[in-house]
Amino acid sequence: MTRRDDIGDAGIRCIARGGSRALTHRAVDAEASLPPGSTSYYARSRRELLRLVTGRISAQLDADLDALALPAEGDPAVVAATFLDTIAERHAAQVARYLLLVELRDDDELRSTLTAADAVRQRLDAVGTALLRTVGVSDPEQRAPELVALVDALLLQRIADAAPLDVRSVLAAYLRGITDAHSR
C-alpha cells in the first residue's frame with residue numbers, strides 16, 4: 001500500500017466514525033499516525049482529500065471484484081450474497097460511501113466515483129449480467145443494473161443494521177421472479 005492509500009483509508013475511517021464533517025487534514029493525520037501536515041502534502045484542499053477518499057473506496061471495490069470468482073455453475077443468489085458479504089466486510093468504506101453519496105449529491109464530479117458513472121460500476125454490471133445469464137434471463141445486460149441496485153440496497157440494510165434480512169432468500173426470490181417473468 002502507498003501513503004496515499006493509507007491516507008485514503010484513514011479518511012474513510014474518519015468519515016465512518018464521525019460523518020463527512022469529521023474529514024479534516026488534521027484528523028486524517030492523527031488517524032493514520034502521520035506527522036501533522038502530512039496529509040496536506042498529498043491533498044492540499046478538502047476537495048482533494050474527498051477525491052482521494054472516494055477514489056480509495058472505488059479502488060477497494062475494484063479489488064473486491066478482482067477477487068470474486070464466478071463459478072460456471074452454482075446458485076447465482078449464493079454468489080451475489082457472498083459478494084455482498086465480501087464488500088460488507090469493508091464496513092467503514094461502505095458507511096463512508098453512503099454518507100458521501102448524500103453529502104456530495106450536488107457535486108457531480110466527486111459523486112461520480114461513487115455511482116454508476118464510475119468504471120467499477122461497469123464491472124459490477126458485467127458481474128450482474130453473468131449471473132443473470134446463468135439463470136436464463138433473456139435480457140441480462142438490461143436487467144443487470146437492477147440486480148446491482150438490489151445488492152446495494154441489501155448492503156445498505158446490513159450496514160445500517162436497519163432490518164434483519166435473509167439476503168440469500170431476497171436475492172433468490174428476485175432471480176426466481178425475473179426468470180419466471182421471462183419464461184411466460
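These are my notebook entries on what I looked up in a predicted model of one protein chain.

**Entry 1: the whole chain**

I started with the overall make-up. The protein chain has 10 helices and 0 strands. Reading along the sequence, I got the pattern α-α-α-α-α-α-α-α-α-α. I then looked up the box that the C-alpha atoms fill, and along the principal axes that box is roughly 65 × 30 × 30 Å.

Next I checked burial. The chain has 184 residues, and 42% of them count as buried. I also looked at how far along the sequence the contacts reach. Taking contacts between residues at least 6 apart in sequence, I found that 64% join residues at least 24 apart.

**Entry 2: helices H5 and H9**

I picked out helix H5, residues 76–88, and helix H9, residues 140–160. Their axes come within 10 Å and cross at roughly 45 degrees. How do H5 and H9 lie to each other, parallel or oblique? Angles under 35 degrees count as roughly parallel, and the roughly perpendicular range only begins at 65, so H5 and H9 are oblique to each other. I noted the crossing of H5 and H9 as right-handed.

Which residues make the contact? On the H5 side I wrote down Ala80, Leu84, Asp85, Ile87 and Ala88. On the H9 side I have Val151, Leu154, Leu155, Arg158 and Ile159. Sorted by class, the contact of H5 with H9 has 8 nonpolar residues, no polar ones and 2 charged ones.

Asp85 and Arg158 are on that contact list, and their side chains meet in a salt bridge, 2.6 Å from N to O. Asp85 lies in H5 and Arg158 in H9, so this pair ties together parts that are 73 residues apart in sequence. I looked up how open the two partners are. Asp85 counts as partly exposed, at 26% relative accessibility. Arg158 is partly exposed too, with a relative accessible area of 34%.

**Entry 3: helices H4 and H8**

Then I turned to another pair. The axes of H4 and H8 come within 10 Å and cross at roughly 30 degrees. That angle makes H4 roughly parallel to H8, because the cut-off for roughly parallel is under 35 degrees. I noted this crossing as left-handed.

From H4, the contact uses Ser58, Leu61, Asp62, Leu65 and Asp66. From H8, it uses Val120, Arg123, Leu124 and Val127. The class count for H4 with H8 is 5 nonpolar, 1 polar and 3 charged residues.

Asp62 pairs with Arg123, and their closest N and O atoms are 2.4 Å apart. The pair links distant parts of the chain, with Asp62 in H4 (residues 46–67) and Arg123 in H8 (residues 119–134), 61 residues apart. Are the two buried or partly exposed? Asp62 has a relative accessible area of 28%, so I put it down as partly exposed. Arg123 is also partly exposed, at 31%.

How many salt bridges does the structure hold? I have 17 written down. One of them joins the side chains of Glu146 and Arg143, at 2.7 Å from N to O. Glu146 and Arg143 both sit in helix H9, 3 residues apart, which is about one turn of the helix.

I checked accessibility for these two. Glu146 is partly exposed, with a relative accessible area of 36%. Arg143 has 19%, and since buried means under 20%, Arg143 counts as buried. I also noted a network: Arg47, Arg51, Asp107 and Glu109 are joined into one by salt bridges that share partners.

Last, I looked at backbone angles. Most residues other than glycine have a negative phi. Ser33 is not a glycine, yet its phi is positive, near 55 degrees. Where is Ser33 found? It is in the loop between helix H2 (25–31) and helix H3 (38–42). Ser33 counts as exposed, at 66% relative accessibility.

Asp161 is another one I wrote down. Its phi is positive, at about 50 degrees, although it is not a glycine. Asp161 is found in the loop between H9 and helix H10 (167–183). With a relative accessible area of 68%, Asp161 is exposed.

Terms used:
Residues are numbered from 1 along each chain as its sequence is written. This is a predicted model: local features need pLDDT of at least 70, side-chain atom pairs count only at pLDDT 80 or more; totals for chains, interfaces and linings use all residues. Side-chain values use heavy atoms; hydrogens and water are left out. Axes are lines fitted to C-alpha atoms, for helices over the stretch in contact, and angles run from 0 to 180 degrees between N-to-C directions. Helices (H or I, at least four residues) and strands (E, at least two) are DSSP runs, numbered from the N terminus. Angles under 35 degrees count as roughly parallel, over 145 as roughly antiparallel, 65 to 115 as roughly perpendicular and the rest as oblique. A crossing is left-handed if the near helix is turned anticlockwise from the far one by less than a right angle, and right-handed if clockwise. Contact means heavy atoms within 4.5 Å. Ala, Val, Leu, Ile, Met, Phe, Trp, Tyr, Cys and Pro count as nonpolar, Asp, Glu, Lys and Arg as charged, and the others, Gly among them, as polar. A salt bridge is a side-chain nitrogen of Lys or Arg within 4 Å of a carboxyl oxygen of Asp or Glu. Buried means under 20% relative accessible area, exposed over 50%, partly exposed in between (1.4 Å probe, protein chains only).
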